Amino acid sequence: MATILTNAHLYMGTSQFGKVNEFKFPDISTVTVDSKPIDFIGTVKLPIGIELDDSSIKLNGFDADVFKQLSDINKEHIITVRGNLKKFNGNVLDEEMAVKGVIKTITKKITPLGTIKQQEGSEFAVELIPHAVKLEHKGEVLMEIDIPNNIYVIDGVDQLAKMKENLGLV
């Protein structure tokens, strides 16, 4: 049984229909600290947090409205991508499901005109620094991470509940 993401559509406030060649959703990495007890034969990496790696968008040409929006490095951008997951049973399409990702981000780097080559279309590239992500599948929230607001929820379970209680944040 294979599940394949086919087709996606990106929104930055408004629809970006036909403008986006590529979108990279941020990777989620574990932040660790080395623990070196004197009675261990080596080092143990202990998880102490999470970080969101960079995200990026490649648009298929220059768009003045997108450029104006993403050029403001002091503004938070909310980007939504909606996809269509196809589930196959063997080689027969069994089901189509909605997947939705949302990132809150600021602009890291913008390449307004891209690389220009003779008789080739240029790509307008934007690198983003995300600080919040949310992933939904068939309308159900699978994951929500919002670093500035101490939100880390996986499958409906607040992974930071005890920490927030200990810090008096609830």
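**Figure 1. Lysine 68 and aspartate 65 sit together in helix α1.** The model is predicted: local features need pLDDT of at least 70, side-chain atom pairs count only at pLDDT 80 or more, and totals for chains, interfaces and linings use all residues. Residues are numbered from 1 along each chain as its sequence is written, and side-chain values use heavy atoms, with hydrogens and water left out. Helices (H or I, at least four residues) and strands (E, at least two) are DSSP runs, numbered from the N terminus. Lysine 68 forms a salt bridge with aspartate 65; their closest N and O atoms are 3.8 Å apart. A salt bridge here is a side-chain nitrogen of Lys or Arg within 4 Å of a carboxyl oxygen of Asp or Glu. By this rule the count comes to 8 salt bridges. Both lysine 68 and aspartate 65 are exposed. Buried means under 20% relative accessible area, exposed over 50%, and partly exposed in between (1.4 Å probe, protein chains only).

**Figure 2. Salt bridges of aspartate 158 and glutamate 165.** Glutamate 165 pairs with lysine 162, with closest N and O atoms 3.4 Å apart. Both lie in helix α2 (residues 161-166), 3 residues apart, about one turn of the helix. Glutamate 165 is partly exposed at 47% relative accessibility. Lysine 162 counts as exposed, at 51%. Aspartate 158 bridges to lysine 164, and here the closest N and O atoms are 3.0 Å apart. Aspartate 158 is partly exposed, with a relative accessible area of 29%. Lysine 164 is buried, at 13%.

**Figure 3. The largest nonpolar core has 15 residues.** Such a core is a set of buried Ala, Val, Leu, Ile, Met, Phe, Trp, Tyr and Cys residues joined through side-chain atoms within 4.5 Å. Met12, Ile57, Val66, Ile79, Leu128 and Val133 have the most contacts inside it. β1 (2-12), β6 (55-59), α1 (64-71), β9 (124-137) and β10 (140-146) each supply at least two residues of this core. The largest share, 4 residues, comes from β9. Isoleucine 57 touches Leu10, Met12, Val20, Glu22, Phe23, Ile79, Phe124, Ala125, Val126 and Leu128, leaving aside its neighbours within four places in sequence. Contact means heavy atoms within 4.5 Å.

**Figure 4. Strand β6 pairs with β3 and β9.** Two strands pair if DSSP finds at least two bridges between them. β3 (residues 20-24) and β6 run antiparallel, joined by 4 bridges. Glutamate 22 has lysine 58 of β6 as its bridge partner. β6 and β9 also run antiparallel, with 5 bridges. Serine 55 stands opposite leucine 128 in β9. β6 is mostly covered, with 4 of its 5 residues buried.

**Figure 5. Alanine 132 in strand β9.** Alanine 132 counts as buried, at 6% relative accessibility. Beyond its neighbours within four places in sequence, alanine 132 is in contact with Leu52, Val102, Ile103, Lys104, Ile145 and Asp146.

**Figure 6. Val33, Leu46 and Ile48 form a nonpolar patch on the surface.** Together they have about 250 Å² of accessible area, by the Shrake-Rupley method with a 1.4 Å probe; for residues, only the protein chains shown count as cover. Patches are made of residues with over 30% relative accessible area and no salt bridge: like charges are joined within 9 Å, nonpolar side chains (Val, Leu, Ile, Met, Phe, Trp, Tyr) within 5 Å. Isoleucine 48 lies in strand β5 (residues 44-52). Isoleucine 48 is exposed, with a relative accessible area of 55%.
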